[in-house]
Each structure stands twice: as C-alpha cells, then as structure tokens.
Amino acid sequence: MQVLEENRLVEFREDDLLIRTLSAEKELKASYRLRHQVFAERLQWVAKSEDGIEIDSYDAFATSVGLFDNANHLRGVFRMVNPPSPFMLESEFRACLLPDCEIRKECDTAEITRLAIDPTLTDRGLSIRLMQVLFKGVYQWSMQNEIRFLYMVVEKRFLRVLRGMGFTCEAVSPAVSLPPAGSPSIAAVLDWKQFHDICPRKQPTFFRWISAVDGSMSFERSGFLARDPKSEHDHDMEARKLAAA
C-alpha cells in the first residue's frame with residue numbers, strides 16, 4: 001500500500017471568505033469547539049464535554065480545514081484522513097457497510113468526517129453559501145493531494161442535496177439508523193474522476209467556479225439549490241448540521 005507522506009496545504013479566498021488548512025493550536029481548538037456545538041450539543045451524536053471541546057483519536061493523524069469569514073471567525077470545518085490511518089467507516093460507522101464491502105485504502109483515497117457549518121447562523125442564504133464554499137474547499141484539498149476517491153457517511157436526505165449540487169456521490173450501503181441520533185445514514189464514495197467527466201457537461205458554470213481559486217469567478221448557487229426553493233429550509237438545517245459525520 002502506498003502512503004501520502006505529507007498532505008499539501010490548501011489556502012484560497014472566495015470573495016470575503018477564506019479557506020485554509022488549520023495548523024495553529026488556537027485555530028484547531030476553535031474547530032473542536034465548533035464541532036462540539038454541532039455534534040455534541042445540537043445533534044447529540046457524541047457525548048458533551050465539560051470544556052466544550054469535541055476531539056477524538058482520529059485528530060492525532062487527521063488534517064482539518066477551516067472556513068473563515070471576513071472577521072476571521074471560524075464558520076465551517078471539515079476533517080480528512082489518509083491511509084494507512086484508520087477510517088471511521090472501519091469502526092464507528094462499520095454498521096453502514098454490507099458484509100462484503102471492501103474499503104479502498106490506497107494513496108488516492110481519503111475519508112472526510114466532521115464537516116460542519118456554524119449552527120448559530122440564522123441567515124439561510126448565508127448558511128447555504130458557506131456550505132457550498134466549504135465543499136469547494138473539499139474539492140481543492142482533494143485536487144492538491146491527488147485524491148480520487150472520497151469516503152463519507154451522510155444523512156440520507158443530504159446525499160440527494162450533494163448530488164443535486166453536482167457531486168457524483170454513489171451509495172455503498174443501505175440506509176442505516178446510527179445511534180444515538182437514529183437518523184438514516186448512508187456510506188457513500190465520491191469519485192472525482194467521474195465528477196470531472198460529468199460536471200463540465202451538465203453544470204459547466206458550477207464546474208468552472210469550483211475549479212477556480214484565482215478570484216476570476218464569484219460565488220454562484222448551484223442550479224439545484226436555486227430551483228428548489230421549497231426545500232431551502234431543509235438545506236439550511238443540513239448546512240448547520242453536517243455533510244459528513
């Protein structure tokens with residue numbers, strides 16, 4: 001098995017927002033506090049801690065990326081794990097997988113977890129915008145680190161949102177109610193090569209936007225979010241909760 005010895009950093013601006021790999025202890029602690037707000041206090045997927053920090057064994061070898069607003073407040077975060085380090089799919093989320101499902105653990109593969117948007121935001125449009133810019137960060141990090149396959153566990157409803165945004169996520173499990181939240185969740189894999197084959201044809205504007213980090217294109221909603229206003233409240237709630245467990 002080949003191993004990525006060192007992850008390449010990602011950093012770019014999207015209008016008044018900044019995406020960058022977290023390395024300073026202060027920023028990492030801010031990400032753990034944001035995760036606690038989402039995964040412990042709101043979703044109650046993990047136990048609350050007295051210090052308001054959500055941290056686990058995966059953080060010792062994971063890479064965290066943050067989304068900052070123009071006041072340098074952390075508004076979003078996601079975490080990436082590369083082989084040969086263990087994936088949450090191999091333990092905590094193993095129940096999502098069929099018995100004969102094999103998890104790819106090569107250097108072109110990663111697992112995304114703990115993706116979250118600041119749950120204190122009340123502006124629906126802002127929450128949706130932050131969610132999409134955060135996924136632009138996921139894409140750019142994947143490209144920087146030559147990742148093709150990206151594993152994730154998402155709520156069943158959110159898988160449809162991701163596909164509507166243009167991401168080629170394929171389920172690799174049936175929907176499973178994971179304790180303690182009990183929300184139907186699905187293990188999925190995103191193949192960026194498939195994304196590159198399909199997205200430029202079906203959603204060329206979105207593909208140009210997600211590929212550009214030089215400021216040449218301003219933010220635009222995906223066509224799915226723009227033409228599905230009745231579901232906007234659901235999208236907002238999902239943006240505040242998580243995209244990947």
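Me: At what angle do the axes of H2 and H3 cross?

Reply: Axes are lines fitted to C-alpha atoms, for helices over the stretch in contact, with angles from 0 to 180 degrees between N-to-C directions. The axes of H2 and H3 come within 12 Å of each other and cross at roughly 70°. That makes H2 roughly perpendicular to H3. The classes are roughly parallel under 35 degrees, roughly antiparallel over 145, roughly perpendicular from 65 to 115, and oblique for the rest. This model is predicted: local features need pLDDT of at least 70, side-chain atom pairs count only at pLDDT 80 or more, and totals for chains, interfaces and linings use all residues. Residues are numbered from 1 along each chain as its sequence is written, and side-chain values use heavy atoms, with hydrogens and water left out.

Me: Which residues of H2 meet H3?

Reply: Contact means heavy atoms within 4.5 Å. From H2 come Met131, Gln132 and Phe135, and they meet Phe158, Leu162 and Met165 of H3. By class, five are nonpolar, one is polar and none is charged. Nonpolar covers Ala, Val, Leu, Ile, Met, Phe, Trp, Tyr, Cys and Pro; charged covers Asp, Glu, Lys and Arg; the others, Gly among them, are polar.

Me: How do the axes of H4 and H5 cross?

Reply: Helix H4 spans residues 192-202 and helix H5 residues 204-211; their axes come within 5 Å and cross at roughly 125°. H4 is therefore oblique to H5. In H4, Phe195, His196, Cys199, Pro200, Arg201 and Lys202 make the contact; in H5, Pro204, Phe206, Phe207 and Ile210 do. This contact has seven nonpolar, one polar and two charged residues.

Me: How many helices and strands does the protein have?

Reply: Both are DSSP runs numbered from the N terminus: helices are H or I of at least four residues, strands are E of at least two. This protein has seven helices and nine strands.

Me: Is Lys136 buried or exposed?

Reply: Buried means under 20% relative accessible area, exposed over 50%, and partly exposed in between (1.4 Å probe, protein chains only). Lys136 counts as buried because its relative accessibility is 0%. Lys136 sits in helix H2, residues 124-144. Neighbours within four places in sequence aside, Lys136 contacts Phe12, Glu14, Trp209, Ile210, Ala212 and Val213. Across the protein, 56% of the 245 residues count as buried.

Me: How many aromatic pairs are there?

Reply: Rings of Phe, Tyr and Trp (its six-membered ring) pair if their centres lie within 6.5 Å; planes under 30 degrees apart are stacked, over 60 edge-to-face, the rest tilted. The count comes to twelve aromatic pairs. One of them, Phe87 with Tyr151, is tilted: 6.2 Å between centres and 55° between planes. Phe87 lies in the loop between strands S4 (74-81) and S5 (109-117), and Tyr151 in strand S6 (residues 149-155), so the pair ties together parts 64 residues apart in sequence. Phe87 and Tyr151 are buried.

Me: What are the centre distance and plane angle for Phe167 and Phe206?

Reply: Their ring centres are 5.7 Å apart and the planes stand at 80°, so this pair is edge-to-face. Phe167 is in the loop between helix H3 (156-165) and strand S7 (169-171), while Phe206 is in helix H5, so the pair joins parts 39 residues apart in sequence. Phe167 and Phe206 are buried. Ring pairs also link a cluster, whose members include Phe135, Phe158, Phe167, Phe195 and Phe206.

Me: Which residue other than glycine has a phi near 60°?

Reply: Most residues other than glycine have a negative phi, and most peptide bonds are trans. Gln44 has a positive phi, near 60°. Gln44 lies in the loop between H1 and strand S3 (63-68). Gln44 is partly exposed, at 49% relative accessible area. Leaving aside neighbours within four places in sequence, Gln44 contacts Val38, Phe39 and Pro180. Asp15 also has a positive phi, about 55°. Asp15 sits in the loop between strands S1 (11-14) and S2 (17-21). At 48% relative accessibility, Asp15 is partly exposed.

Me: Where is the peptide bond that is cis?

Reply: The bond from Pro83 to Pro84 is cis, with omega near 5°. Pro84 lies in the loop between S4 and S5.
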